[in-house]
Amino acid sequence: MAVPSAAGVLLAQEPRLNLETLVQEALEKNPEVLAAQKRYEAMRQRPQEASSLPDPVLSASYNSSGNPLPFQGLGRQPVANAGLMVSQEFPFPGKRKLRGAIAGREADAEFQQYQMTRLSVVSRLKQAYYRLAYLHNTLEVLERERDLMRQLLRIGEVRYSVGKAAQQDVFKAQTQLSIIETRITRMEQEVRSREAEIDSLLARPSDSPLARPAAATPGPMGVTLEELTRRARENAPLLRREEKIIERTELALSLAHRDYYPDYTISGGYYYMGSMPAMYMARVDFKLPAYFRRKQRAGVAEQTANVSQARHDYDAASLQVSFRAKDDYLVAEASQRLMNMYSTTVIPQASLALESSLASYQSGTVDFLSVLMNFTAMLDYELSYQEEAFNYSQALTRIEEMTGVDVTK
């Protein structure tokens, strides 16, 4: 029975970053998400506010007779009085309801904007997470190949010392080893950058330690392109937002037509007359749309153009969602096929070729250049596999952000 190595045991016991936990933390703490949530909560108050009556107006007045001082002639002259008046403006029937409905559609659109913000933050977090996983996996490949190149360098130095290999074999091995070291250094720097990015998305201090990601790639795709396109039309927050904007502009157009009808104000007053009988007053004022040719007609034309614009915006958004979903789906599909080819055919064959050439080089039947070519090919194939795995995860993440659809379910 195989006994696991100490390094393997330590790697298995090492804590790993769980993506679902990170996503939940980001949705709870990310400032962008919290700000978008508060904007939506603020917009939810608008329908009640917009459909309410204007504030009533309370007026206090006095009329004097014979002298401008207050209450002069009160009780002696019929025109002298002191009174209070209350006025309430009433929009033409139907306007308040339309204004409330318009504000409601604006709140619905803001909710979709909130959903888009959540998807954007989650997408950036997932892309950084999978990028970090890609970097760790690539570092593993480079470190493994560095150990192999050191082994090859030692073999070359031994063969050179006994006169069975040229000095250039040692130089080439040293050069290749230096190239790998430079790539490792660059990868280690980018690991720290991606860790800082994840910390910022989680609203953590930038130097907070992060473990290695638990998953390198998402699961396999579980939908066809046709099903993805259909579900994108149904679920994409961008399209839902544009739909609410269309509804909002249509209601605004209806309100513009109602502006041809007058609003009115009802007033009632009580006037104290001193020793004389009190006086009461009631009045109705109408706002006459006398300038409808310049005002109301222009308002209707403006809202008609807004409706047309909103519909064109929806069509443009629909085309954008469909294109980006299809483009990323095809990228993911191609990367999935390439990953399968690398893992089942290309890398195993390249590994066998490298092992064979290395054994032949030790026995002196193959030159160093052949071994180096096989080594370089093996390294390129392994790195290409990691790159395709990264491309696959990024494509699925972009699909989820644009469409709101998890294609792995």
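Some ground rules. The model is predicted, so local features need pLDDT of at least 70, side-chain atom pairs count only at pLDDT 80 or more, and totals for chains, interfaces and linings use all residues. Residues are numbered from 1 along each chain as its sequence is written, and side-chain values use heavy atoms, with hydrogens and water left out.

Overall shape. The C-alpha atoms fill a box of roughly 135 × 45 × 40 Å along the principal axes. Of the 409 residues, 38% count as buried. Buried means under 20% relative accessible area, with a 1.4 Å probe and protein chains only.

Contacts next, meaning heavy atoms within 4.5 Å. Take those with a separation of 6 or more: 82% come from residues 24 or more positions apart.

Secondary structure. We have 10 helices and six strands. These are DSSP runs numbered from the N terminus: H or I with at least four residues for helices, E with at least two for strands.

Now the sheet. It is open, with four strands in the order S2-S3-S5-S6 and antiparallel pairing. Strands S2 (57-63) and S6 (279-286) each have a single partner strand, so one side of each lacks a neighbour in the sheet. Pairing requires at least two DSSP bridges. S5 (residues 264-272) and S6 have eight. In one of them, Tyr271 partners Met279 of S6.

On to the cores. A nonpolar core is a set of buried Ala, Val, Leu, Ile, Met, Phe, Trp, Tyr and Cys residues joined through side-chain atoms within 4.5 Å. The largest has 52 residues, and those touching the most other members include Leu125, Leu142 and Tyr361. Helices giving two or more residues to this core include H5 (95-161), H6 (167-201) and H10 (368-403). H5 gives the largest share, 17 residues.

Which residues does Leu142 contact, beyond its neighbours within four places in sequence? They are Ile180, Arg183, Ile184, Met187, Leu379 and Leu383. A second, separate core has 15 residues, among them Tyr329 and Val405.

Last, H10. Its 36 residues should span 52 Å at 1.5 Å a residue, and its end C-alpha atoms are 52 Å apart, which agrees. The expected span is 1.5 Å times one less than the number of residues. Just after H10, Gly404 takes a positive phi of about 75 degrees.

Methods. Buried < 20%, exposed > 50% of the residue type's maximum accessible area, 1.4 Å probe, protein only.
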